[in-house]
Amino acid sequence: MLSYSVTLSDALTPITLISGVGLLLLAMTARYNYTTDRVRALLKERRQKAPVIDPVLEKAIRLTYERSHLLKNAILAVTTSAAFSGILVLVTILEHLLELNMEVWKSTMLLTAVVFIVVSTIFFVLEVQISLQTCQILQMASVQDYFHTLLLCKLRKQYARKILLLLPELPYS
């Protein structure tokens, strides 16, 4: 006899897994959207600097694109995990409806779903590492720009003093 409570109880694990995967997918999608927007902004900045090639900008574009690629793979893996969790719910319901023993199938589906979550997490960790690397590169570039600007200001002041000393005094009228 088909017991609704037993079926629901057996399907609860994959349903919970789908909810957790959904939250993970939401976070990854937000990061993916940010990286694609960032690549567009960096490409626009590169077009504005057109003939000049900025190596820091080029590296930032490459790293941000690499982040997008890793996030795409992470999203694909976590979506595949959700699909296997959905199949697990279906197999659980069919097992109870048809009174079959599908423990091997259910274990395989659950194991596959968890493996894809682990793969997705690995991609996500790699993306975070590249994100930190990009931040360090941009921070170093901004520090170098700051010191470069500071040096230029100091040189301008020195040259301005020398020029003023070399100029004859102008008569005031």
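Begin by selecting Leu 17, Val 21, Met 28, Ala 74, Ile 75, Val 78, Ala 113 and Ile 117: these eight residues form the largest nonpolar core. A nonpolar core is a set of buried Ala, Val, Leu, Ile, Met, Phe, Trp, Tyr and Cys residues joined through side-chain atoms within 4.5 Å. Buried means under 20% relative accessible area, exposed means over 50%, and partly exposed lies in between (1.4 Å probe, protein chains only). At least two residues of this core come from each of α1 (4-48), α2 (55-98) and α3 (103-166).

The structure is a predicted model, in which local features need pLDDT of at least 70 and side-chain atom pairs count only at pLDDT 80 or more, while totals for chains, interfaces and linings use all residues. Residues are numbered from 1 along each chain as its sequence is written, and side-chain values use heavy atoms, with hydrogens and water left out.

Leaving aside residues up to four places away in sequence, Met 28 touches Leu 71, Ala 74, Ile 75, Val 78, Ser 120 and Phe 124; a contact means heavy atoms within 4.5 Å.

Now display the whole chain as a cartoon. The protein chain has three helices and zero strands, in the pattern α-α-α along the sequence. Helices (H or I, at least four residues) and strands (E, at least two) are DSSP runs, numbered from the N terminus. Of the 173 residues in the protein chain, 25% are buried. Among contacts between residues at least 6 apart in sequence, 82% join residues at least 24 apart.

Select α2 next. How far apart are its end C-alpha atoms? They are 64 Å apart, which agrees with the 64 Å that the 44 residues of α2 should span at 1.5 Å a residue. The expected span is 1.5 Å times one less than the number of residues in the helix.

Along α2, select Ala 82. Ala 82 is partly exposed, at 24% relative accessibility, and touches Ile 18 and Val 21, not counting residues up to four places away in sequence. The C-alpha atoms of Ala 82 and Val 114 are separated by 9.6 Å, although these residues are 32 residues apart along the chain.

Show the rings of Phe 84 and Phe 116 next. Their centres are 5.9 Å apart and their planes are at 10 degrees, so the pair is stacked. Rings of Phe, Tyr and Trp (its six-membered ring) pair if their centres lie within 6.5 Å; planes under 30 degrees apart count as stacked, over 60 as edge-to-face and the rest as tilted. Phe 84 lies in α2 and Phe 116 in α3, so the pair ties together parts that are 32 residues apart in sequence. Phe 84 has a relative accessible area of 23% and is partly exposed; Phe 116, at 27%, is also partly exposed.

Move on to Glu 95, which lies in α2. Is this residue buried or exposed? Glu 95 is buried, with a relative accessible area of 7%. Its side chain reaches the backbone nitrogen of Met 102 at 3.1 Å.

Finally, select Glu 99, in the loop between α2 and α3. Glu 99 is exposed, with a relative accessible area of 61%. This residue has a positive phi of about 50 degrees although it is not a glycine.

Key:
Polar contact = N/O pair within 3.5 Å; in protein donor to acceptor, adjacent residues only side chain to side chain.
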